[in-house]
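Visitor: I would like to learn how to read a protein model. Could you walk me through one?
Guide: Gladly; let us look at it together.

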Amino acid sequence: MLSSSASLCFLMHAAPPPLRTFGWQMSMTVEEAATIWGLQRNRQTGRAQVLPNVFGWDTEEVVTRVERRDGPSLGIVLEEIGSAEDIGLVLVDSCVDGGNAAAASLPLLPGDLMVAVANAGGPALCVEALPYDATIAALGSLDPSQPVELTLRRLVKLPRCAVTLKFAASENRADEQFELLGGMPLRRSILSKGIKLNDPLARRFDAGWGTGDCGGEGTCCTCAVDVIEGTEVLNGQGSQERQMLSKHPSWRLACKASIVNIEQDTRLVLKVAPRQEVDETERDSAFNERA
Ligand code: FES
């Protein structure tokens with residue numbers, strides 16, 4: 001458990017900096033970033049690591065070079081979010097106006113994590129998951145007359161697919177909403193939210209009669225959903241799925257559908273168990289077609 005601590009400054013605090021563009025999509029403060037980063041110990045190596053612990057975030061690493069044109073001080077304001085014994089979470093808060101880091105080859109951003117420091121061309125010192133004092137000690141051990149290379153781990157917000165699940169009017173149930181990422185399987189993701197896809201009206205495709213959940217094999221149709229919006233967000237149908245749902249081209253078997261790799265935020269609107277609202281006389285023919 002990390003103990004909280006007040007903001008600590010490396011060098012001096014300047015006036016609060018304006019928000020800068022963060023990642024590909026948003027601005028972020030160090031306080032907001034602190035809610036996303038998580039400090040954990042690798043069970044195999046015992047090494048402490050700092051990684052995002054919130055859904056939908058990834059990281060990238062950038063190396064930036066800081067010249068010492070304005071004297072030996074780097075001019076970076078660091079904030080210790082918390083520490084316990086030999087580990088800590090220390091993030092970049094800002095750069096001092098006119099200081100060396102403000103002119104770094106790549107800008108430092110609020111919420112960046114410093115993972116390694118080195119004199120340009122020299123051996124790198126790992127500072128990931130070190131408490132504030134140890135981080136400062138590592139920076140202070142570098143040759144103050146030489147430029148510094150900082151390896152920064154940066155939060156990257158992944159594009160999300162905002163999913164809305166609608167239910168048959170007879171269920172009198174409110175829509176469900178959640179987010180998925182590219183590559184995530186539809187049925188498993190929905191089940192993991194505690195939402196069942198088990199349409200009792202479905203007839204098994206493999207037997208031609210009876211019902212029953214096939215467990216994701218693509219033969220029972222209990223997981224069929226009607227894609228109301230966002231067809232392009234889902235992978236393509238296989239030939240068996242297309243055949244099974246030939247009477248309803250807008251329907252998908254959730255167990256055979258997954259989110260494609262998306263490059264921007266998008267939407268997917270689905271009707272769960274759509275056969276509930278299909279005319280009774282159409283139901284059997286809609287689900288029991290064979291080649
Ligand atoms: S779970 Fe049986 S077809 Fe999808």
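Visitor: Which residues of strand 12 lie on its covered face, and which on its uncovered one?
Guide: First, a word on what you are looking at. This is a predicted model, in which local features need pLDDT of at least 70 and side-chain atom pairs count only at pLDDT 80 or more, while totals for chains, interfaces and linings use all residues. Residues are numbered from 1 along each chain as its sequence is written. Now to your strand: Cys 161, Val 163 and Leu 165 make up the covered face of strand 12, while Arg 160, Ala 162, Thr 164 and Lys 166 make up the uncovered one.

Visitor: What counts as a strand, and how many helices and strands are there?
Guide: Helices (H or I, at least four residues) and strands (E, at least two) are DSSP runs, numbered from the N terminus. The protein has five helices and 16 strands.

Visitor: How do strands pair, and which strands does strand 12 pair with?
Guide: Strands of a sheet pair through backbone hydrogen bonds, either parallel or antiparallel. Here, two strands pair if DSSP finds at least two bridges between them. Strand 12 (residues 160-166) shows both senses: with strand 13 the pairing is antiparallel over six bridges, and with strand 16 (residues 266-272) it is parallel over six bridges. On the strand 13 side, Val 163 stands opposite Phe 178 and Ala 162 opposite Glu 179. Towards strand 16, Lys 166 stands opposite Lys 271.

Visitor: In what order do the strands of this sheet lie?
Guide: The order is 13-12-16-14-15, five strands forming an open sheet with mixed pairing. Strand 13 (176-181) and strand 15 (251-253) are the edge strands, each pairing on one side only. On average, neighbouring strands of the sheet are turned by 35° against each other, direction ignored. For that angle, axes are lines fitted to C-alpha atoms, for helices over the stretch in contact, and angles run from 0 to 180 degrees between N-to-C directions.

Visitor: Is Leu 108 buried or exposed?
Guide: A residue is buried if 20 or more other C-beta atoms lie within 10 Å of its own, exposed if 12 or fewer, and partly exposed in between, with C-beta atoms placed from the backbone. Leu 108 is buried, because 25 other C-beta atoms lie within 10 Å. Leu 108 sits in the loop between strand 8 (87-95) and strand 9 (113-119). Across the protein, 31% of the 291 residues count as buried.

Visitor: Which residues is Leu 108 in contact with?
Guide: Two residues are in contact if their C-beta atoms, placed from the backbone, lie within 7 Å. Leaving aside neighbours within four places in sequence, Leu 108 is in contact with Thr 64, Ile 76, Val 92, Cys 95, Ala 101 and Leu 152. Leu 108 and Thr 64 are 44 residues apart in sequence, yet 7.9 Å apart in space, C-alpha to C-alpha.

Visitor: Which residues of the largest nonpolar core touch the most other members?
Guide: In soluble globular proteins, nonpolar side chains tend to be buried together. A nonpolar core is a set of buried Ala, Val, Leu, Ile, Met, Phe, Trp, Tyr and Cys residues joined through C-beta atoms within 7 Å. In the largest one, of 33 residues, Ile 76, Leu 78, Leu 91, Val 92, Ala 101, Leu 108 and Met 114 touch the most other members. Helix 1 (30-34), strand 7 (76-84), strand 8, strand 9 and strand 11 (148-157) each supply at least two residues of this core, and its largest share, six residues, comes from strand 8. A second, separate core has 27 residues, including Ile 190, Met 244, Leu 253 and Cys 255.

Visitor: What phi does Cys 221 have?
Guide: Most residues other than glycine have a negative phi, and most peptide bonds are trans. Cys 221 has a positive phi of about 70° although it is not a glycine. Its place is the loop between helix 3 (186-192) and strand 14 (224-229). Cys 221 counts as buried because it has 25 C-beta neighbours inside 10 Å.

Visitor: Where does pLDDT stay under 50?
Guide: pLDDT is the predictor's confidence in each residue, from 0 to 100. The value stays under 50 over residues 1-25, and it is below 50 over residues 284-291 as well. For the protein, the mean pLDDT is 86, and 84% of the residues reach 70 or more.
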